[in-house]
Amino acid sequence: MSQAFDVVVIGAGPGGYIAAIRAAQLGFKVACIDEWKNAAGGPAPGGTCTNVGCIPSKALLQSSEHFDHANHHFAEHGISTGTVKMDVAKMLGRKDTVVKQNNDGILYLFKKNKITFFHGRGSFAQANAEGYDILVKGDKEETIKATQVIVATGSNARALPGADFDETQILSNDGALRIGAVPKKLGLIGAGVIGLEMGSVWRRLGAEVTVLEGLPTFLGAVDQQIAKEAKKAFDKQGLKIEMGVKVGEIKTTKKGVNVAYTTAKGEEVSLDVDKLIVSIGRVPNTSGLNAEAVKLKLDDRGAVVVDDECRTNLKGVWAVGDVVRGPMLAHKAEEEGVAVAERIAGQHGHVNFNTIPWVIYTHPEIAWVGRTEEQLKADGVAYKAGTFPFLANGRARALGDTTGMVKFLADATTDEILGVHIVGPMASELISEAVVAMEFKASAEDIARICHAHPSLSEATKEAALAVDKRTLNF
């Protein structure tokens, strides 16, 4: 006889496993299905984020940053190290250990919350009188019953036509995290989050990195004052970024990969690299879900169609995260997962898309929340802007990391904070204050009046808020 559950979650990425935990906390009998495998063939819950995305990339960024500091910055602190070498295999091993710790942590949370975990691929079999039959294909094949289903199957890397991923020479984010030796020349197509982060890792370790971007504007979604400041820093580091290019034929050779492209000025270029990372976005992962069996509606991108509350066209079926509309961010998926579990319980789960933070973990880090100056101008919103450079921040000077600034945008009449944009040290941590402030409809004056610890990087946030009213104290 098939096991029956109140809630079955398909996918154990950030949206899926968090939805399962919240549903269990609310008293439901919950199952979660996930097919990710580790090197030994065992379960590896956590989705793209944990296995080939957020977590391993941050591990490599940290290792490469330590290497960069040892080579270029320790001396100014009076630290002599001699010749510094990077053991790439050991670096990758540490990355794998960090990933496994996160995998094991999720399995522990399932056990703690009495969630039944199925290791395999979940798909719709058919609708039944109480809900849905869900087929699980793993070491064995079985069918379970669900009253409510949450689809959280994530996304896959989008390949360039004619340049399929072989994960040896032409790499997705997966292969980019498993490069076994520092390439002499590395090419990247796409100057987005993955391109910049992976380019930064291998540039620090000694690769000559060229990033090709088709759009004419660098980081077009970012406030352009912040983007330009970041671009200056990347240029200084030796990260070669070409904007407005048109990529042509890509050929693999015995030595590597050849990329033909046309520059923004119309010049024809032939680029030879040892490895090529393609990071041109991601596509919803609904292949194998068997959506047609229950008439689950998908859009022309393959995404599950949902309303503002993540309801699909089917009663009792929900979808969250990368597989639906909205930004493909792990924390957005988590918030949707919690909200859906609460809605199933009859509560009023809520996700505010206007206060979802964005972060790029390069050096300097880039983080923002709310609207950019360009968006406010386009919308005809009257605003005030205030900026404060880390160059004038005592803690940044002590850290030896004074690149960048904090920028506040506030309503010209009410002073309500409309956007906060940061490029500089620990921007990923500093942005949280802005998210909280915007959730509570704070004004720039509110932040300006709050006492911030001295010396701290967060003082730059206070000073930028003061700058909205043209009354900074330290610049």
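This report describes selected helices, strands and residues of one predicted model.

Residues are numbered from 1 along each chain as its sequence is written, and side-chain values use heavy atoms, with hydrogens and water left out. Because the model is predicted, local features need pLDDT of at least 70 and side-chain atom pairs count only at pLDDT 80 or more, while totals for chains, interfaces and linings use all residues.

**Helices**

Helices (H or I, at least four residues) and strands (E, at least two) are DSSP runs, numbered from the N terminus. The expected span of a helix is 1.5 Å times one less than its number of residues. The table sets this value beside the distance between the end C-alpha atoms.

| Helix | Residues | Length | Expected span | End C-alpha distance |
|---|---|---|---|---|
| H8 | 330-344 | 15 residues | 21 Å | 21 Å |

At the start of H7, a side-chain oxygen of Asp 223 comes within 3.2 Å of the backbone nitrogen of Gln 225. This is a polar contact (a pair of N or O atoms within 3.5 Å; within protein, one must be able to donate a hydrogen and the other to accept it, and residues adjacent in sequence count only if both atoms are side-chain atoms). Buried denotes under 20% relative accessible area, exposed over 50%, and partly exposed in between (1.4 Å probe, protein chains only). In H7 the buried residues are Gln 224, Ile 226, Ala 227, Ala 230, Ala 233 and Phe 234. Among the elements that cover them are helix H6 (193-204), strand S10 (240-242) and strand S20 (405-411). After H7 comes Gly 238, with a positive phi near 100 degrees.

The buried residues of H11 are Ala 427, Ser 428, Leu 430, Ile 431, Ala 434, Val 435, Ala 437 and Met 438. Viewed down the axis of H11, they fall within an arc of 165 degrees, so they line one face of the helix; the arc is that of the directions from the helix axis to the C-beta atoms. Their cover includes strand S17 (358-360) and helix H12 (444-449). Lys 441, which follows H11, has a positive phi near 55 degrees.

In H8, the buried residues include Lys 332, Glu 336, Glu 342 and Arg 343. The cover of the buried residues of H8 includes S1, helix H1 (14-25), S5 and strand S16 (317-319). Gly 346 follows H8 and has a positive phi, near 85 degrees.

Strand S1 (residues 4-10) is mostly covered, with five of its seven residues buried. Two strands pair if DSSP finds at least two bridges between them. S1 pairs in the parallel sense with strand S5 (residues 141-151) over six bridges, and Phe 5 stands opposite Ala 146 in S5. S1 also runs parallel to strand S2 (residues 30-34), joined by four bridges; Val 8 has Ala 31 as its bridge partner in S2.

Ser 155 lies in strand S6 (residues 155-157). At 4% relative accessibility, Ser 155 counts as buried. The side chains of Ser 155 and Asp 322 form a polar contact of 2.7 Å. Beyond its neighbours within four places in sequence, Ser 155 is in contact (heavy atoms within 4.5 Å) with residues including Thr 48, Arg 282 and Met 328.

Cys 49 counts as buried at 14% relative accessibility, whereas Cys 54, at 30%, is partly exposed. A search of the whole structure finds zero disulfides, a disulfide being a pair of cysteine sulfur atoms within 2.5 Å.
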